[in-house]
Amino acid sequence: MKALLWALCVLGAAGAPADSAARGSAEAELCLACHSPDGGAPPPRLQAYARSAHKDLACTACHAKAADTPHPAKMPKPDCASCHEKSDASYKTTVHGLAAAKGSKKAAACTDCHGDHGVLRAMDSVSKASKANLSTTCGRCHRAEATQYARSVHGKAVAGGAKEAPTCT
C-alpha cells in the first residue's frame with residue numbers, strides 16, 4: 001500500500017503545477033499520506049514548515065532521497081549548502097564549521113541554530129536566529145555563556161529591544 005502511495009506521490013509531483021508553491025504543497029500532501037501520525041493531520045513539525053521560509057519548496061528539495069522508494073532506512077541529512085552557498089562558506093570559517101571540518105560530531109550544524117522544518121528568516125522576531133532569540137539558541141549548548149550574557153549590559157539591552165547591542169555571532 002505504501003509503495004502505491006509513494007508511486008502516486010512521485011507521479012503526482014511530476015505532474016504537479018509548475019508553480020513551486022503549488023508543487024511543494026501538492027507533494028507535501030502526498031508525503032503526509034504516510035508521514036503523519038493519523039494519516040491526515042500534519043504533525044507539529046510540518047505545521048511549522050507551513051509557516052517557514054522554505055514553505056514553497058517541495059519535500060524532495062531538501063530530502064532528495066525521499067524520492068526513492070522504499071526510503072533508505074537512514075535518510076541522509078539535507079544539504080543546506082546546495083542552496084545556501086554563501087552561508088555555508090561563512091559557516092566554514094566559524095568555530096563550529098572548523099570543528100565540523102575536523103570531524104567533530106558535537107559541532108553545531110545548520111539545523112542546530114536555525115531549526116529544521118520551522119526555519120524562519122533571521123529578521124522574523126520568533127526565528128531562532130533573530131537577535132532577540134540568538135542567545136537562547138546558543139545557550140542550548142553554551143549555558144554558562146548565555147547566563148553570563150543575559151546578565152551583561154549587552155544582554156539586558158537586547159532583552160529591552162535595543163537594535164544596536166551586540167549578541168552571539
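1. Let's start with K65. In this predicted model, K65 is partly exposed, with a relative accessible area of 40%. The side chain of K65 meets that of D68 in a salt bridge, at 3.8 Å from N to O. D68 counts as partly exposed too, at 34% relative accessibility. That 3.8 Å passes because the cut-off for a salt bridge is 4 Å.

2. How many salt bridges does a search of the whole structure find? The count is two.

3. If you're wondering about cysteines, the structure holds zero disulfides. As a reminder, a disulfide is a covalent bond between the sulfur atoms of two cysteines. Take C62: the closest cysteine sulfur to its own belongs to C83 and sits 6.7 Å away, too far for a bond. C62 itself is partly exposed, with a relative accessibility of 32%.

4. Mean pLDDT for the protein is 82, and 82% of its residues reach 70 or more. Which elements have the lowest and the highest mean pLDDT? Helix α1, residues 2-14, is the lowest with a mean of 40, while helix α6, residues 95-101, is the highest with 97. Over residues 1-18 the pLDDT is below 50, and this stretch has 23 contacts in the model beyond near neighbours in sequence.

5. Now the overall layout. The protein has ten helices and zero strands, so written from the N terminus on, its elements run α-α-α-α-α-α-α-α-α-α. Of the 169 residues in the protein, 22% are buried. The protein exposes about 11,500 Å², with carbon and sulfur atoms supplying 61% of that area. As for contacts between residues at least 6 apart in sequence, 43% join residues at least 24 apart.

6. Have a look at T137, which lies in helix α8, residues 134-139. Is T137 buried or exposed? T137 counts as buried, because its relative accessibility is 9% and the cut-off for buried is under 20%. Leaving out residues up to four places away in sequence, T137 touches D112, C113 and K128.

7. T111 is another threonine to check. You'll find T111 in helix α7, residues 110-114, where it counts as partly exposed at 41% relative accessibility.

8. Last one: H35. This histidine lies in the loop between α2 (20-31) and α3 (44-50), and it counts as partly exposed, with a relative accessibility of 36%. Which residues is H35 in contact with, leaving aside its neighbours within four places in sequence? They are P43, L46 and H71. For L46, the C-alpha to C-alpha distance from H35 is 9.6 Å, and the two are eleven residues apart in sequence.

Technical notes:
Residues are numbered from 1 along each chain as its sequence is written. This is a predicted model: local features need pLDDT of at least 70, side-chain atom pairs count only at pLDDT 80 or more; totals for chains, interfaces and linings use all residues. Side-chain values use heavy atoms; hydrogens and water are left out. Buried means under 20% relative accessible area, exposed over 50%, partly exposed in between (1.4 Å probe, protein chains only). pLDDT is the predictor's confidence in each residue, from 0 to 100. Helices (H or I, at least four residues) and strands (E, at least two) are DSSP runs, numbered from the N terminus. Contact means heavy atoms within 4.5 Å. A disulfide is a pair of cysteine sulfur atoms within 2.5 Å. Accessible areas come from the Shrake-Rupley method with a 1.4 Å probe; for residues, only the protein chains shown count as cover.
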